[in-house]
Amino acid sequence: MKVAIVGGGVSGITLSILLADFFDVTVFEKNNRILKKLLVTGNGRCNFSNEIMTRENFHGNEKFLDEFIKSADLRAGENFLNSIGIVSTTDERGRKYPMSLQANSVVDAYLSAVSEKNISIRLDTAVEDIAVKNNKFIINHDYASPFDICILAPGSMSYPQFGTDGTSYKLATNLNHRKTRIVPGITSLISDIPFLKELKGVKIDGELSFNFDGKIYSYTGDILFTENGISGNTVFESSSIILDKKINSVVLDFIPNISEDDLMDMLNERKTNFPKRKVSWILNGIIHKKLANVILKILNLDINKDLNELTESDFKNISRLIKNFNVNVLSGGSWKQSQVTVGGIDSSDLDINFQSKFIKNLFMVGEYLDIYGDCGGYNITFALISAIRVCEFLRRKYAGTIS
Ligand SMILES: Cc1cc2nc3c(=O)[nH]c(=O)nc-3n(C[C@H](O)[C@H](O)[C@H](O)COP(=O)(O)OP(=O)(O)OC[C@H]3O[C@@H](n4cnc5c(N)ncnc54)[C@H](O)[C@@H]3O)c2cc1C
């Protein structure tokens, strides 16, 4: 049986390796090489899995995920990578990488595994049209070479510079599958923070939190002020959910390990000990100087006054603002710098083996779908485990007919 795989990314190439012993496999890749995006993942280190791996790390179509994950082995992706020769190491935050800490060693292991199998890879070949005729798939009008099975693994809209520019959604929608709203994920947040220009480049170790559906979500770590909003690990980790759930504002705490009351006491003590120092000095050494200046500006405090002129209510306002700095979320960062796409082809149109409910032997996997993982190795994991599920299903289904 002939299998066409559209997309030579991590899900498509994993499928090709797993299916090649049983089927006649062709991969179509629009770039001049496969696995281009994988090279830049995890800051060039490829964070492919995580020590913590639960249902809660995956989002999007919750009903589909409940069903799929109930019967999925969330470690199968990592085990597959080990099986093609990747040795893993885990960092202090539980993130798993190749021991070399080089994404190119993962790509090299894949290339070796591909070369050991009989897989036809057609580079520089964008699939632009798929027609279904007599239960066969006709790719790019090539009626002479129909396929029995077609698997769509063309990724999403993120990092269009690597070939994933969203144009491939039409392959599924032209075949009557729905697409959900898409927004950038694992990205920066655009905001109208007052005096942002003055904060640009300031990096703090803080907490970002927001409320959704009666639950408080909070993330701690670095937060970086950019020219048009906030970025940094904490923002990357929280942005997919913020943008998915249309959260309009988040709260930053610039000193998460000190309570508002303790901060007020600290400021009062400064007033007592240094009554003649200027207001501009009040936050010196407590938070970043540029941030301190902006806090005082937002509160409209006269920085040339003496500290002993500040009132209890001034201290309250300063402490409150440092601990509860409201940031309006206008949008996510650009597609060019968003690591994943939130939303995609509606997985409600697929069964639990990722097969179309409308067209037999048409499958869709990976980031193409309306499912995304947390930052920390979960998106590569989803690409892998969705590919593995399709492979297991096809091998089971055609066990009697494969050569
Ligand atoms: C900068 C960056 C860092 C990341 N870091 C991590 C990380 O550390 N950990 C993690 O878990 N996730 C990370 N991700 C996300 C992860 O890379 C993706 O979720 C994952 O690669 C998705 O795999 P995929 O196979 O579904 O799609 P992709 O890997 O995007 O592959 C899709 C392939 O299909 C090809 N294609 C598209 N359309 C067509 C067409 N019409 N015809 C032929 N070929 C086509 C594309 O060129 C591409 O090669 C990162 C993403 C980026 C951009």
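Reader: Which ligand atom does a backbone N or O atom of G42 lie 2.9 Å from?
Author: An oxygen atom of the ligand. Keep in mind that this is a predicted model.

Reader: How much of the ligand's accessible area does the protein cover?
Author: The protein covers 96% of it. On its own, the ligand has 1000 Å².

Reader: How many residues surround the ligand?
Author: 35 residues do. The closest are S11, E29, S168, E367 and I380.

Reader: How do the residues of that shell divide into nonpolar, polar and charged?
Author: 14 are nonpolar, 17 are polar and four are charged.

Reader: Which elements give two or more residues to the shell?
Author: Helix 1, helix 2 (41-44) and helix 12 (378-397).

Reader: And where does the largest share come from?
Author: From helix 12, with four residues.

Reader: New topic: helix packing. How do you describe two packed helices?
Author: By the angle between their axes and the distance between the axes.

Reader: So what are those values for helix 1 and helix 5?
Author: Helix 1 covers residues 10-19 and helix 5 covers residues 103-115. Their axes come within 9 Å and cross at roughly 35°.

Reader: Left-handed or right-handed crossing?
Author: Left-handed.

Reader: Which residues make the contact?
Author: Helix 1 brings V10, I13, T14 and I17. Helix 5 brings Y110, A113 and V114.

Reader: How many of them are nonpolar, polar or charged?
Author: Six are nonpolar, one is polar and none is charged.

Methods:
Residues numbered from 1 in each chain as written. Predicted model: local features only at pLDDT ≥ 70, side-chain atom pairs only at ≥ 80, totals over all residues. Heavy atoms only, no water. Axes fitted to C-alpha atoms, helices over the stretch in contact; angles between N-to-C directions. Left-handed = near helix turned anticlockwise from the far one by under 90°. Contact = heavy atoms within 4.5 Å. Nonpolar A, V, L, I, M, F, W, Y, C, P; charged D, E, K, R; others polar. Near = heavy atom within 4 Å. Polar contact = N/O pair within 3.5 Å; in protein donor to acceptor, adjacent residues only side chain to side chain. Areas by Shrake-Rupley, 256 points an atom, 1.4 Å probe, with all protein chains shown as cover.
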